[in-house]
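Colleague: Hi, could you walk me through this one? I'd like to start with a loop and then move to the ligand.

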Amino acid sequence: MSDLHDLCKFPTRPIDGSYVQQLRHYLKNGIPATYTVEEAYKVLNNIEESELESDNIEPATTTTPLHLICQHVPKDLTNDELSIVQEMISTLFEYGAGWCFTDINNNTPGCILIERGFHDSPLYQLILDAGVRAELLLRKVSEYDMEFIDEEEVALQHDEEVPQPESIEESVKDIVENPVKEIDDAPDAPSQNQQSYLNTKLEYVDNALITKDRKDGVMMSWETNLMQLGCDSLFKGAIIEGSETDSEINVLNIGFGMGIIDTMIQHQSPTKHYICEAHPDVLKKLKDDGWYEKPNVVILEGRWQDQLDALMSQGVFFNGIYYDTFSEHYSDMLELFDYIVGLLKPYGVFSFFNGLGADRQIIYEVYKKLVEIDLENYGLKVTYTNVPVPKETLQENDKSVWDEVKRSYWSCPVYYHPEAKFIDI
Ligand SMILES: C[S@@+](CC[C@H](N)C(=O)[O-])C[C@H]1O[C@@H](n2cnc3c(N)ncnc32)[C@H](O)[C@@H]1O
């Protein structure tokens, strides 16, 4: 533990301006904002990295100053103290603190605040804002394919203990770009990689569609209520100017899965009901269950990435578009938005299964904001309805929907149901 770490545990009250002064002093003098308690331990005890390895000593912790602040910030802060703690957090971000680094308990600073009941506090908001900023910045960085400073060059200029820009970049990019990622998920795992997913055998079991070998949940019936919300949103796009219903109602659903939302859509008898589905086992299910024979159904066989261009050139427009696929990432959704603006009628509604980052609440909320920003760039305004999710989706319960499934993709108490419409409508 270093003086910086001690300071972040708030040893004295009241928490006043001297805390910010001290913090700035340490950071200005070269202590990284990401300096961990474990690194400090090694430095104080003269332990070389190689010794740790040979003695097989596990790092005691990966706790950064921001983790400590979140862990130790008193619950009975006065308003003045709150402003000081806010300033400390902002200062740490100014000096490069990571909003989504995880500690030994696999908690980010935001997770710790939620656990301690600070979800609605301005401190949590600061971390959320930092997450949104970091993601937007990373996207710009990768758009322009920016070069990072050569690691060796950096090592000559700085103490080797200082985390290199590239390694920070990599870990932040990793956690943000793969929000539904478990520790044992290799990049080529079916849940992460479309091609390997499309080559994986699927199995319909009671209440779920899963991958045969790994038992990853592709779709599960606990989402039925959420699908109903999605279906209801799509048909709101059939209403023109308040009360008049469109004479032709077209709906597009991307990702058939268990056919839950498609069955609901059929009950509303749209003029045309397009279903885009890529997986051969799911397409077989569509055939076996007679979907090809339904008079108002058009099946688009293949990935939406390969199917939607043709639709654009056919001049088909939709009252409602729903998107719920598997093993895709937010970068795929960003591509999809180009099609959404081209295919949606002016009063149409776009909705999707909002599972972005939903295996960690802070990341789920960062994505909630990002979607808002990104859709607004396309002239679409998204509104969210908060929906409590079944208790059985939370793994800490005795009986959980994940009992028979290897990979869970949900661990948040509230679902944010999205509904997007063009801004002027
Ligand atoms: C979560 S399930 C959809 C569940 C569906 N909403 C329901 O109500 O049952 C995801 C589906 O998307 C399909 N899929 C995955 N990637 C796709 C892509 N790029 N294009 C089209 N379908 C895709 C999967 O094969 C799977 O059937």
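Colleague: Where is Ser-269 found?
Modeller: Ser-269 is in the loop between helix 13 and strand 7. Helices (H or I, at least four residues) and strands (E, at least two) are DSSP runs, numbered from the N terminus.

Colleague: Before we go on, what are the ground rules for this model?
Modeller: It's a predicted model, so local features need pLDDT of at least 70 and side-chain atom pairs count only at pLDDT 80 or more, while totals for chains, interfaces and linings use all residues. Residues are numbered from 1 along each chain as its sequence is written, and side-chain values use heavy atoms, with hydrogens and water left out.

Colleague: Back to Ser-269, then: what is its phi? And is Ser-269 buried or exposed?
Modeller: Its phi is near 45°, a positive value in a residue other than glycine. Ser-269 counts as exposed because its relative accessibility is 56%; the cut-offs are under 20% relative accessible area for buried, over 50% for exposed and partly exposed in between, with a 1.4 Å probe and protein chains only.

Colleague: And Phe-10, what phi does that residue have?
Modeller: Phi of Phe-10 is near 50°, also positive in a residue other than glycine. Phe-10 lies in the loop between helix 1 and helix 2, and Phe-10 counts as buried because its relative accessibility is 7%.

Colleague: Which peptide bond is cis?
Modeller: The one from Arg-13 to Pro-14, with omega near -5°. Pro-14 sits in the loop between helix 1 (3-7) and helix 2 (17-28).

Colleague: What does the side chain of Arg-13 contact?
Modeller: The side chain of Glu-81, in a polar contact at 2.8 Å. A polar contact is a pair of N or O atoms within 3.5 Å; within protein, one must be able to donate a hydrogen and the other to accept it, and residues adjacent in sequence count only if both atoms are side-chain atoms. Glu-81 belongs to helix 6 (residues 79-94) and counts as buried because its relative accessibility is 3%.

Colleague: Now the ligand. Which residues come nearest?
Modeller: Tyr-197, Met-258, Glu-277, Asp-324 and Glu-328, out of 25 residues around the ligand. To be near, a residue must have a heavy atom within 4 Å.

Colleague: Which elements supply the shell around the ligand?
Modeller: Helix 11 (194-198), strand 3 (217-220), helix 13 (260-267), strand 7 (272-277) and helix 15 (304-314) each give at least two residues.

Colleague: Last topic: Phe-318, buried or exposed?
Modeller: Buried, because its relative accessible area is 0%. Phe-318 is in strand 9 (residues 318-323). Between Phe-318 and Phe-350 there are 9.3 Å in space, C-alpha to C-alpha, and the two are 32 residues apart in sequence.
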